[in-house]
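Student: I'm new to this one, so please walk me through it slowly.

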Amino acid sequence: MSQGKTYVVTGGAGFIGSNIAEALRRRGDRVRILDNFSTGRRENVETLGDVELIEGDLRDPQAVRRAVTGADGVFHQAALRSVPRSVDDPLSSNDVNVTGTLVLLMACRAANVRRVVYASSSSVYGDDPALPKVETQAAHPISPYAVSKLAAEHYCQTFARLYGLETVSLRYFNVFGPRQNPESKYSAVIPRFLELALQGRALEVHGDGEQSRDFTYIDNVVQGNLRAMETPGVSGEVFNVACGTRHSLIAIAEAIGDFLGRPLVREHVPSRPGDVRHTLADITKAEQLLGYRPTVGFADGMRRTCEYFVARFGAASEPGRRAAARP
Ligand SMILES: NC(=O)c1ccc[n+]([C@@H]2O[C@H](COP(=O)([O-])OP(=O)(O)OC[C@H]3O[C@@H](n4cnc5c(N)ncnc54)[C@H](O)[C@@H]3O)[C@@H](O)[C@H]2O)c1
């Protein structure tokens, strides 16, 4: 892997972006973060040490130009994440996720940035029951969020074809791990369950809880990003980034209960519109073309995540925590 380059991480104050930024710093690259802190946190940037912060909006061409000038590559993570948020407010999701990406691509082209690695989403596949999802399968988005992530993917591919700006899109499947934000009604399920469990409250489960996801620990996603930036000959491509296994929401609740050493109460509420029933990735393409290999599986990832949340959000009174979560 290269040393001493300058990389921009859009959304670097967020969950995935700050973990990518940390990995880049660790190997000696220079990091510039563009973030407007709409969902990201200042403490995520502060813990990174020596990084350049450009506080600004992805939709502001001047801020984006400042951020990408002189950069070797851009890890584009900034977006309004969450299916339910997009169902509540489709215009904002479109504005940030689609227009914001277009502003970024135009600035990268003008600044001769070599490559943009774009954070796409498994949601683009929609609710087609065929599993596992392969990149050649037609996309059938069923939420405004999924439409926005797919539209930005198409912009990335179009810029690669039309202008020679190298772009690679990574379809992440439910990422989890340290620094994921539990404190919003649009939080992802694992941090949300952990927060409720640590507060001694019932876990709110949408539907029967048997819906499943290819939950992917953050280290695997960071690895996928670094490989997507470095690997020659993959511009314009789309890759699934996941583990290739799936786990239900009930299994998540049980893993957290095992870790905390007590069964957790579940409260079932109606399913959410726009949510897909199951996700599972075929990761063969990323394995073959990027050399991607998931190194942290679900059980190990759950244990590390539980440890982080207990240390961060406290559970000194939790009795009999066990060292391992159920696989
Ligand atoms: N977390 C997942 O499971 C998952 C799954 C699939 C895809 N993704 C994608 O990965 C990326 C990162 O997700 P995350 O989980 O780290 O989310 P996050 O909310 O923690 O991070 C997003 C970051 O983008 C910043 N941001 C939002 N709008 C902005 C704007 N207009 N200008 C500048 N910065 C802005 C936020 O402040 C935040 O720091 C997103 O593009 C998301 O769509 C995430």
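Student: What pLDDT does the chain average?

Tutor: The chain averages a pLDDT of 93, and 95% of the residues score at least 70, where pLDDT is the predictor's confidence in each residue, from 0 to 100.

Student: Where does pLDDT stay under 50?

Tutor: That happens over residues 316-327, for which the model has 31 contacts beyond four places in sequence; a contact means heavy atoms within 4.5 Å. Where pLDDT is low, the predicted coordinates should not be read in detail.

Student: Now the ligand. Which residues come nearest?

Tutor: There are 28 residues around the ligand, and the nearest are Ile16, Asp35, Thr39, Tyr145 and Val175; a residue counts as near when one of its heavy atoms lies within 4 Å of the molecule or strand in question.

Student: Which polar side-chain atom lies 2.5 Å from an oxygen atom of the ligand?

Tutor: It belongs to aspartate 35. On the backbone side, an N or O atom of valine 175 lies 2.8 Å from an oxygen atom of the ligand, and a polar backbone atom of asparagine 36 is 3.3 Å from one of the ligand's nitrogen atoms. For polar contacts the rule is a pair of N or O atoms within 3.5 Å; within protein, one must be able to donate a hydrogen and the other to accept it, and residues adjacent in sequence count only if both atoms are side-chain atoms.

Student: How much of the ligand does the protein bury?

Tutor: The protein buries 95% of the 820 Å² that the ligand exposes when taken alone, with accessible areas coming from the Shrake-Rupley method with a 1.4 Å probe and, for residues, only the protein chains shown counting as cover.

Student: And which elements give two or more residues to that shell?

Tutor: They are α1 (15-26), β5 (115-121) and α6 (144-163), and the largest share, three residues, comes from β5.

Student: Let's stay with β5. What does serine 121 touch?

Tutor: Serine 121, which lies in strand β5, is in contact with Tyr145, Lys149, Leu170, Arg171 and Tyr172, leaving aside neighbours within four places in sequence. The side chains of serine 121 and serine 123 are also joined by a polar contact of 2.7 Å.

Student: Is serine 121 buried or exposed?

Tutor: Serine 121 counts as buried because its relative accessibility is 7%; buried means under 20% relative accessible area, exposed over 50%, and partly exposed in between, with a 1.4 Å probe and protein chains only.

Student: What joins leucine 131 and proline 132?

Tutor: A cis peptide bond joins them, with omega at about -5°, and proline 132 is found in the loop between β5 and α6.

Student: Now for phi: what is it for phenylalanine 37?

Tutor: Phenylalanine 37 has a positive phi of about 60° although it is not a glycine; this residue sits in the loop between β2 (30-35) and α2 (42-46) and is buried, with a relative accessible area of 14%. Serine 82 also has a positive phi, of about 105°, and is not a glycine; serine 82 is placed in the loop between β4 (73-76) and α4 (83-88), and at 4% relative accessibility it counts as buried.

Student: Where is serine 187, and what does its side chain reach?

Tutor: Serine 187 is in the loop between β7 (175-176) and α7 (189-198), and its side chain reaches the backbone oxygen of proline 182 at 2.9 Å and that of asparagine 181 at 3.2 Å.

Student: Last one: why does glycine 301 count as buried?

Tutor: Glycine 301 counts as buried because its relative accessibility is 0%. Glycine 301 is found in helix α11 (residues 298-313) and touches Phe176, Tyr217 and Val296, not counting residues up to four places away in sequence.

Methods. Residues are numbered from 1 along each chain as its sequence is written. This is a predicted model: local features need pLDDT of at least 70, side-chain atom pairs count only at pLDDT 80 or more; totals for chains, interfaces and linings use all residues. Side-chain values use heavy atoms; hydrogens and water are left out. Helices (H or I, at least four residues) and strands (E, at least two) are DSSP runs, numbered from the N terminus.
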